[in-house]
Amino acid sequence: MTTAAEVRTREPQPDESAILVVDDLHVTFPTLGGTKVRAVRGLSYQLRRGEALGIVGESGSGKSVSSLAMMGLLPRTTQISGSIRLDGKELIGMHDREASELRGKKISMIFQEPLSALTPVYTVGAQVVEALRVHTDLSKERAQARAVELLDLVGIPNPRERAKAFPHEFSGGMRQRVMIAMAIANDPDVLIADEQSTALDVNIHAQILEVLQTARRETGAAVIMITHDLGVVAGLADRVLVMYAGRPVELGTTDEVYYAPRMPYTMGLLGSIPRLDASGRSALVPIEGSPPSLANLPSGCPFRPRCPLAIDICAEEEPPLESVRGASHRAACHRKEEIETNGWSVGDVFPVPELGIAPVERLPREQRPVALAVEGLVKHYPLMKGVVFKRRVGTVQAVDGVDFDIREGETLGLVGESGCGKTTTLLQILELVKPQAGTIQVAGKDTNDLHNAHARKALRRDLQVVFQDPQASLDPRLPVGDVLAEPMRTHGYDRKHIDARIKELLGLVGLEAGHAGRYPQEFSGGQRQRVGIARALALEPKLVVLDEPVSALDVSIRAGVINLLMQLRAELSLSYLFVAHDLSVVRVIADRVAVMYLGRIVEIGVVDSVYASPSHPYTQALLSAIPIPDPDKERTRERIVLQGDLPSPADPPSGCRFRTRCQRFLTLTEGEKQLCIDRYPPLIPMGPDHSAACHYAEPVAVIPEQSKERKRRRST
Amino acid sequence: MGKYLVRRLINYVVLVFIATSLAYLLAAVSLNPREHFQGRNPPVPVTTQDRILSAYNINDKTPVLDRYGHWLDDLVHGNLGRDFDGGYVGANLSRRMWVSGQLLLIGTILGGLVGVGAGAWAAVRHKRVADYSLTQGAFFILSCPTFVIAILLQVGATRLNDAVGHRLISFSGQSDPALQGGFFSHLGDRLDHLILPTITLMLVGAAGLMLYQRAAMLDVLGSDYVRTARAKGLRRRTALTKHALRTALIPSMTIFTFSFATIFVGAIFTEVIFGWHGMGEWFVQTIQGNDTNGVAAVTAVTAVLILIASFLQDIIVALLDPRVRVG
Amino acid sequence: MTVPSQELIGTVTAESGIDGTAMLDETRVPSRGRIIMRRFVKQKSAVFGLVLLVILVFMAYVGIHFTKWGYAQPDYNSFAVTPNGSHWFGTDAAGGDLYAMTMRGAQKSILIGLLVAVLATGLAAIVGASAGYFGKWVDGVLMWIVSLLLIIPGFLIIAILSPHFHNNLPLFVFFLGMFIWQITARIVRGQTLSLREREYVLAAKYMGVSGGRIIVRHILPNLASLLFIDATVNVSTAVLTETGLSFFGFGVQPPDISLGTLIQAAQTSATTQPWLFLFPAGFLVLLLLAVNLIGQGLRDAFDPSTGIAV
């Protein structure tokens, strides 16, 4: 990997060494009714041989579209202008026959949807072989042998056998590896990796990034990494390009962009990311509003409506991308010189809201009433296989003995990979029925004692839920007012009370009373999630269950919703059960955290203690896999990359369920290992309110400490 | 899997039994075989009528449940009963199924090929002239009831025959009974009689399948894996046939399998209008002829064939789609 | 140059178009109904189908009164005459005015088609949604009935029973409806299975809303597009079945008239007296075409991904 020193010494030259030169690229989609969606509006950059460039932006920023333009894979009706030269050859307007010869050979792309990107009816081996044989005249046998080598290279275990398997027999992470194998099959000069993280768990994501690094090393290809997450590229990219509303708004070396951002949008993005290395509960930097419509762009700077620094000129003229200082760092802002001279940092530009504290939080934990208590919860269900010939092939131990409690005014973060049982736990609680084993107590009432639908319905008032996907959680056929009224009508509120309460609720979550008559489709994702939160609060519940409430939102909008949740908790003394796979969000919002693995809690305790000294090897791995938007820390951080996928919950390993992937297990002696194989470890206290279920638990710090002062780096 | 199959088979047997019994009971109650004796000259004495009807187990003076019991008893012994003319339903059935099979085989296969081909082609030429005309054409055909198509074809064939001055296309019956000649002239005659019904069946089959295939193909064309195939460097045509069409064939092949497996059920309109003595024609004749036992047999055969067809459908899906196979 | 990717454009517009705050505050997004209307009207063939249907319905119900001949009053001065100024569609061998008879038959077909479609779609919606939402034994029982009805040849049952509903229209409609709802019910069930897991349905469930109410309030409205399209398909299925049955004499019985009976009567003379066949057959084909085109137009208007230009 290149070090910071090397990066700084490189000067951009109008380069012969550039493998890819993009010049004034415009991409426009015609739409119904003649309006045009201008997805990319003037993008220029150069990519040197072997360089890694990160393109960062939110959905709709044009980052993926510009790469598809390079691949020549945009729909026929798309209007593309400008120039893209690959190794001197102009790609725009090239005949498809010629373009097909370049695609997959000189320029490859790894798409973001691992689940749907492989043809379902062919074996993965056949698909890799196909990629090889399109461009070479390898014999079938040679190609097959090479395909197995490639699958091995990207870390697929037993590649010879697995090559004969079909895509649906692979996990998302494994499919992503196959995609990478196909992309690097012909040693491309340019490798485009589109948004690797969205569909994958943190661990798998970390694995994939490693594979990408390997691929880059093996092929020497220049890499373009497209992402919405500034954390991901911090440690990997040499340079970073930030895009907003189809335009590049900041371009520079990684250090320049992270340590001295000169465009307020970049600053906002950096501030809005919940950071693992933050200390304690704190508000995030919210960027108000949402990205503009590409079909209907405002005049002037497209970021103006959301920018705290906007002045008159911003409404009139769109700022060009110009050098800030030195040729390498460029930003598109009318006030970049001011920012530069005054040395404004994120905190100077974006005001951070104050967070209150609920009165109940002043009491010590033991004295607060219990909002939710779960003891020995078990949920097993039959595993069926086959669509045509359905049959039971086993029992999924989705939740297998889980204990935790939440006190009033407290937030418990429940984290783990997908498939660990966290969602099943949450659904079991919401069902309010007698669990297969164990007990669930909501607001002091045991669900085993709820004998009729009436009692259950009464208890539902105390327990409400906010779902992950704001798109799916509101009925598109109902106006927002009706959405909010539904719980109240169900519980027999009278009309007048309901009307008043709707207004109140909308105000509570930062929307206007006038919005009650509008349909969910008319709102942005962030606003819809606010409506979802308002609905959950309608019945004044004591406990709100949040199922990944921000993971479907754009980065810049996320912070606002997290801040809102924290504010509401303080104002209304709510308790939250916050289910997430993202440990950095939990870090910001939760008081306590429980880490789940294969249906059991492996570590639980107060956030500060668990994050500072994670004691279960799994927690350590999870924490180390989360990127921090700080290039220096990222480059020096040691990553614990877990091996393989989550074992099937239908067939968990004996003894400690984590031992098959455990990094600590590998360091043990045979005698010590035997204990892990034979016995499931109990939760062992690791400190006050902190315990871990590991026979050999031992705190290891995996998060670099927050530096007191952020270092400022400038190219000299 | 064995247990699953057995359960499914039992369910099938129960379904067929109930469907057939229902049809038998409805027919026994509502059809009136005695009509056959009406207007006979000299009038048939009632006792004679009763004797004949009772011999065939279709006497309306016998309580319906007794007749049903009798019929069941026969059924268990492999006897499907007799029709009014004394013919055995079982023998009729096997002869007619064979006729229907002969009639439908070519038309169904041609319909399948044309439908899939046209549908895929239309999808690839999405929103162009070819797509537009194929789609509208399919809509037009689907809007023509089969009997309208068949009669139109007959009118057309008559005009053609008149124009050329001799019988170029025959459209009534399965063959010319008066024909003298060897194997080849008989074969030619058969094929000649097959032309119009086959075109009818092909048009109707192809139009429906075409729209279906087109929709399936359009779904697949925008999919990520076709884009992946293109990103590998496959030419458009290769990506379309090898990746898109292969996957889009799965749903339309299941539909095709169904129609293929049910060719022995016959085609009602085509058979009646073109004078083929297959199952479809029998279907109409049993009801018009107040033939209770025949109705029950038609229902049973239809039910069994539909179940076989849906079972074959499942097998075809499993063959074509690795995602559905028992893993 | 490449495969058409509707999705891509979809994402771009969805994320930036409808999603912007700017949109919310300044311009109101047109309601879903308006968008669908606009998409429907943009398709020439769908509009053609709609206009055609209006004309045909008008002809059948109003146009029948324009001629002085009644459908049941033969003109004993003109037997089997070709179309002329007095008998616009000609007459049959018994002197019946074909125009009046065709319109009368069309009335029957249109009425039966609409009633059957409403009945069948309604039944399918209720059964499919209940089976899908409640699952377990409700699903088992309902779907078993569906598969039973699917293997019973409905055409045959109606034919057997036809003497009993001798021009008893409600009964005839009921039986036609009973045999064409099963496929839709299966589709509705499938859709309900996925809607049941949708978060807004779960949200309603976890706030204590009852199952029946969830079906009425959340599930059926969200299947409205499917049900609409299906109702149009059912209209044409019903008309086809009715005319087919009548063609064999199992449906509408003399002295009443159906397009099916007219076509059957004309079959033997189709070459010698073609007008007897062409007018009723033409009317029937146009009627079905109009309904099918409207159905397709609705499909494309509701689901833009398979249809018209974006």
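Predicted model: local features only at pLDDT ≥ 70, side-chain atom pairs only at ≥ 80, totals over all residues.
Residues are numbered from 1 along each chain as its sequence is written, while chains are lettered from A and ligands numbered from 1 in the order in which they are written.

Here is chain B at a glance.

| Feature of chain B | Value |
|---|---|
| C-alpha span along principal axes | about 85 × 65 × 40 Å |
| Secondary structure | 12 helices, zero strands |
| Contacts with a separation of 6 or more that join residues 24 or more positions apart | 72% |

Helices (H or I, at least four residues) and strands (E, at least two) are DSSP runs, numbered from the N terminus. A contact means two C-beta atoms, placed from the backbone, within 7 Å.

Now for a helix in chain A. The 14 residues of α19(A), 495–508, should span 20 Å, and the end C-alpha atoms are 20 Å apart, which agrees; the expected span is 1.5 Å times one less than the number of residues.

Which residues of α19(A) are buried? They are A:Arg501, A:Ile502, A:Leu505 and A:Leu506. These four cover an arc of only 135° around the axis, so they sit on the same side of α19(A); the arc is that of the directions from the helix axis to the C-beta atoms. The buried residues of α19(A) pack against α18 (480–490) and α20 (525–537) of chain A. On the other side, A:Lys496, A:His497, A:Ala500 and A:Gly507 are exposed. After α19(A) comes A:Gly510, with a positive phi near 80°.

Key: Buried ≥ 20, exposed ≤ 12 C-beta atoms within 10 Å, placed from the backbone.
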